Amino acid sequence: MKILYMLALRTKTEMASNGGIRVRNAPEAAHWRGARAEDARLSSFGIKRSGGGTHQSKTMMFSELEALMATGALRPDEFRSAAIDENAIGKATGNTRRLTFRHLANLYGLVDQPELTKAFVKLWKSDIQGRRLQALLVALARDPLLRETADVAMTGSVGQSLQRPLFEDALVTAFPGRFSEKMLRSLAQNCASSWTQSGHLKGAIKKIRQRVSPTPPTVAFAALIATASGFGGPAILNSGWMKVLDLAPEQALDALRRAESIGLVRVRAAGDVTEISIRHPMAVALGVPGLEDV
């Protein structure tokens, strides 16, 4: 029976017809974890490997995040005061403000402030065009549920319709039997909304895949997360952290060379050897010394 159940799940996933694509979740290591990954380092950097996620009840909440960041808050108490006392996030009641801030703080690490969040907050101030994709990268790092839907966006071709059932299939395949039908529908809607907020999809009801255009600092940020996730050298360019930015390896390398001009990375290539240094250049450029140790 177990074998038949697994086959049924696989068939359901492969035969998903809305959007006309096949969705298979590759092993986590193929996308998000490199050969050098260490659980303790991942956790220390701010990446969550398991557990529930914000998307069970909310989206990536880019509008609320943008309003909160516009206050200039940096410390945990400043974020909390701006959201709850000053209502920078524009919610009608105190309870709603507290609940929304709790979800924001959990998804973006605004209270704990691991090195991932510190780098994100520093980049936010200097790269306005890159904010949506950088917020998505943090959300992917900190919500395993959203991460499991990335294959839907990454394998969808530009112009293709990517509807909610595809996201449901991805979640059912990753977590068979975990969610009720109602929860699965809500979770899939929230994930699809986040992929819309990031720019990968467009349309309020009918979701259409479109290509995103990451800025060089965004690509450098993705390379930082890939490095913290155990990827090194050219493997950084093939990681899920780069693929989710719609970049082929050569495009990612070109963007990193442009990021080098503003001091965020160092790239050296000689023959078939490509050396990509992220930690030290970004620690110095952003003034986040802890990045040296990720």
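**View 1. The β3–β4 hairpin and its turn.** Strands β3 and β4 make a hairpin with 2 residues between them, and in the turn glycine 271 has a positive phi of about 65 degrees. This is a predicted model, in which local features need pLDDT of at least 70 and side-chain atom pairs count only at pLDDT 80 or more, while totals for chains, interfaces and linings use all residues. Residues are numbered from 1 along each chain as its sequence is written, and side-chain values use heavy atoms, with hydrogens and water left out. Strand β3 covers residues 266–270 and pairs with β4 in the antiparallel sense over 5 bridges; two strands pair if DSSP finds at least two bridges between them. Look for alanine 270, whose bridge partner in β4 is valine 273. Strands (E, at least two residues) and helices (H or I, at least four) are DSSP runs, numbered from the N terminus.

**View 2. Serine 277 in strand β4.** You will find serine 277 in β4, which spans residues 273–277. Serine 277 is buried, with a relative accessible area of 16%; buried means under 20% relative accessible area, exposed over 50% and partly exposed in between, using a 1.4 Å probe and protein chains only. Leaving aside neighbours within four places in sequence, serine 277 is in contact with Val265 and Arg266, where contact means heavy atoms within 4.5 Å.

**View 3. Helix α16 and its cover.** Helix α16 runs over residues 279–286, and its buried residues are Pro281, Met282, Ala283 and Leu286. What covers these buried residues includes helices α7 and α13 and strands β3 and β4. Just after α16 comes glycine 287, with a positive phi of about 70 degrees.

**View 4. Helix α13 packed on helix α15.** Two packed helices are described by the angle between their axes and the distance between the axes. For α13 (residues 216–228) and α15 (residues 249–260), the angle is about 110 degrees and the axes are 8 Å apart. The axes are lines fitted to C-alpha atoms, for helices over the stretch in contact, and angles run from 0 to 180 degrees between N-to-C directions. The two helices α13 and α15 are therefore roughly perpendicular to each other, a label for angles of 65 to 115 degrees. From α13, Pro216, Val219, Ala220 and Ala223 meet Ala252, Ala255, Leu256, Arg258 and Ala259 of α15. These contact residues divide into 8 nonpolar, no polar and 1 charged. Here Ala, Val, Leu, Ile, Met, Phe, Trp, Tyr, Cys and Pro count as nonpolar, Asp, Glu, Lys and Arg as charged, and the others, Gly among them, as polar.

**View 5. Two loop residues with positive phi.** Glutamine 113 has a positive phi of about 50 degrees although it is not a glycine. Glutamine 113 sits in the loop between α6 (94–108) and α7 (115–126), and is buried at 17% relative accessible area. Aspartate 246, also a residue other than glycine, has a positive phi near 65 degrees. The loop between α14 (240–243) and α15 holds aspartate 246, which is buried with a relative accessible area of 14%.

**View 6. Leucine 74 and its surroundings.** Leucine 74 lies in the loop between α4 (62–69) and α5 (76–85). With 39% relative accessibility, leucine 74 counts as partly exposed. Beyond neighbours within four places in sequence, leucine 74 is in contact with Phe79, Gln113, Val121 and Lys125. The C-alpha atoms of leucine 74 and lysine 122 are separated by 9.3 Å, although the two are 48 residues apart along the chain.

How values were computed: Angles under 35 degrees count as roughly parallel, over 145 as roughly antiparallel, 65 to 115 as roughly perpendicular and the rest as oblique.
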